[in-house]
Amino acid sequence: MQKMKLVMVGNGMAGVRTLEELLKLAPGLYDITVFGAEPHGNYNRIMLSPVLAGEQTIQDIMLNDVDWYKENGITLHLNRKVVKIDRRARKVYSEDGTATDYDRLILATGSTPFILPVPGNDLAGVVGFRDIHDVDAMIAASGHYRHAVVIGGGLLGLEAANGLKLRGMDVTVVHIADWLLERQLDQTAAKLLQKNLEEKGLKFLLRKQTAALLPATQDGGEKRVGSIKFSDGSEIPADLVVMAVGIRPNAALAESAGIHCNRGIVVNDTMQTYDPRIYAIGECVSHRGIAYGLVAPLFEMAKVCANHLAEMGIGRYTGSLTSTKLKVTGIDLFSAGNFSGGDKTEDILLSDPVAGVYKRLVIEDNKLVGAVLYGDTVDGAWYFQLLREGRDISDIRDHLMFGQSRVGDVGHQGQHKAAAMSDDMEVCGCNGVCKGTIVKAIKEKGLFTLDDVKKHTKAASSCGSCTGLVEQILTSTLGGDYSPAPAVKPMCGCTDHTHEEVRAVIRKQKLLSIPETMRFLEWRTPDGCASCRPALNYYLISTWPHEAKNDPQSRFINERAHANIQKDGTYSVVPRMWGGVTTAADLRRIADVADKYQVPMIRVTGGQRIDLFGIRKEDLPGVWADLDMPSGHAYGKALRTVKTCVGSEFCRFGTQNSTQMGIDLEQAFYKMWAPHKVKLAVSGCPRNCAEAAIKDVGVIGVDSGWEIYVGGNGGIKTEVAEFLVKVKTAEEVLEYSGAFLQLYREEARYLDRTVHWLQRVGLDYVRKRVLDDEAGRKALYARLMYAVQGEPDPWRECTTEGEARREFEVLEA
Amino acid sequence: MTEWIEICALEEIPRQGTRKVKSGDAHIALFRTQEDEIFALADRCPHKGGPLSEGMVCGKHVTCALHSWNIGLADGKAAAPDVGETPTYPVKVDAGVVFIQL
């Protein structure tokens, strides 16, 4: 059968990304032909500013060179403009009159800079800032001339001005509005920005309207611009004029073919124009009345368009919220959402002009709707996330302004501001990745997303604590064109469904196995990946305890071998010690095991237990049999320890028997699987020797009862647990903690610690479910008790002969 | 010509699972995919030497348990952008019995 013909008009980032996505989904479905008006392959338009500033060359910013098209069997016509579409005959005509047939057509014609309709706008030396050609003209001018004028104080204009200044020109920015970046910033922030840019040597003329561009007086040769005249009659010299007053979608071709346009080619949520055979994508489109100029939304469109072209038909583009970041070295600026104010909005403001910091958060109906940050943008990504999720912020309102990391991350030299870091400073403390390495990879490999950076540099791919820093580096390197990944993240590359959707379907359809779930939700891969399979396995067994069958092959090795794998392939074994209490007999058995299996290292853990290191996998069942103690689950997404202080039994300050409370909690919950590891602690008095304030559930005994705290974390980022409730009896401690943990088990995403889940849903929600709703609380607790009842001890199962034992046996050849 | 050595019954390797095989000093990881295809690789991840037999089998690759590199079962090659390769061994299944060439 003959392949369908796909023709694309335009050879820019959005269009080529669509082809890349399409080739991934359905290679060989189409014969593809691409028309490009420029003489180059697909290059990274975002990086034109660094090219202008002299930090990069065109070769550096090439994303798909001509060979790429060849390798993928794509016919590429460079320097060839398409001038006509015949929709009835399904042909496009190029300038030279040649016709090309299509079955499907993609219009990716991009946009052109808006050129002010003033006299002299056609003089030599008047350029836009859009493509390689413009940049070449600007660089050439900087070598011969002195005075540059940039018309337009928007993102692109300021970046152009910065680049020309670095090229040694005398640069003036002319802007019609009262302040710079008036669409992205409020006046106060814009003034700070202007001051900083003036310190870098840029000049500004605000509230100036251009009246005419006048030619230079010298005679001979082509007529070149010499000065610029304003409507108030004033005049300044200008040997180079850069128009950066906006872009205009290139819709003329579509319009001439009778396709509905309205300031851009109008498309629906599947990126189709009014002619369903014709798709449009990128800066030339108008989607729900909005034209996007940033890269992230364009790539989202590309995904949807490719999905439809691949005949899968499940993607929908529903628009993007975008944020803004200026790509000028040494300037930290972030803005997102709506900050123009209004009757219903409230402002939270922090202003420290001497330190050059200004932050404004705009709130409406208890939700964050806008943010402007200047000088300290570390929390930009976090605010942007709150904004997109539309989460109720009333419970964090009092410290919202101070950002997400009030307490601080570890592992990257205490740094919070990527801009302040030098290239040789370490960003990712797990994988030893420096800032310079990340910047280089972003520039040279053309990376756009956090996932790209993770894959190529390994930064932020282990513990994730430097994710914020890496996102900052991405934004400051890619500038205004970058915006973080979409809020609704699919579970992994195997599906478009989110964690929440998958959980809901498993419950509603009563799915009981992984293959069944994958079939029902049309997984893209035949049997998933190492990231979705463990998640699915957890969702199944936590939703349908005793009904869904656990799949050992979909568990990480530690949960398959019931021990922790070490770098040399040996394992460590931690037996349970209820509440940190042990006996002489247990200690003697541990010592005997250590002798018998020649255990190289015995350590006391931070969770009041004993860890035996360096055990060979084949020996594990023997070790467990000899220990004859319950599994400590130190290897699992499960209840780890319940740390306790000695409490009222011995301590002269103790008010409650914390040790017994800890033992009771541990024995009640120790067989539960969870989205991530869970740690508990019980202290017998407010001195809190068991460090309950940094546990998932921390219980503190006071004279009149027990206080329960939730969502603490002592790891990657220290988080202090929040007060949930005070109760009187030990039974209530069990019921309230159990109900909280069950809610977490039922609703958190796999690999969420309690704190991550809490930050998303808010403590108020948990209060409503666990405190206010008594019947709901009791039901939650009952479901947890049902889930753990009759669960076998995993170690005991493996010490007896049978299939479970096979995991530990080595075959001989 | 090296000979085929009998290792085990196909059923002794779980679907989407692995087994460790030892032959003298050689450590080999045996894999069985969802579709019952069998593959054998040296039991060393090209990254930091992690035992591939402890990884998770998805499609036709194994995800190493130590740092999540993806290694192709058929060619032993790390998935891009990681670079590295681990030796492969010829395997066959005959009447439900797994054979390997060393």
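Modeller: Domain 4 of chain A and domain 5 of chain A bury about 1100 Å² between them, where buried area is the accessible area (1.4 Å probe) that two parts lose on being put together, summed over both. Carbon and sulfur atoms carry 51% of it. Glu559(A), Arg576(A) and Trp578(A) supply 48% of the area that domain 4 buries against domain 5, more than any other three residues.

This is a predicted model: local features need pLDDT of at least 70, side-chain atom pairs count only at pLDDT 80 or more, and totals for chains, interfaces and linings use all residues. Residues are numbered from 1 along each chain as its sequence is written, chains are lettered from A and ligands numbered from 1 in the order written, and side-chain values use heavy atoms, without hydrogens and water.

The domain assignment, automatic or from a database, puts domain 4 at 556–631 and domain 5 at 636–792. In contact (heavy atoms within 4.5 Å) are 13 residues of domain 4 and 14 residues of domain 5.

The count between these domains is one salt bridge, meaning a side-chain nitrogen of Lys or Arg within 4 Å of a carboxyl oxygen of Asp or Glu. Arg576(A) forms a salt bridge with Glu666(A). Their closest N and O atoms are 2.7 Å apart.
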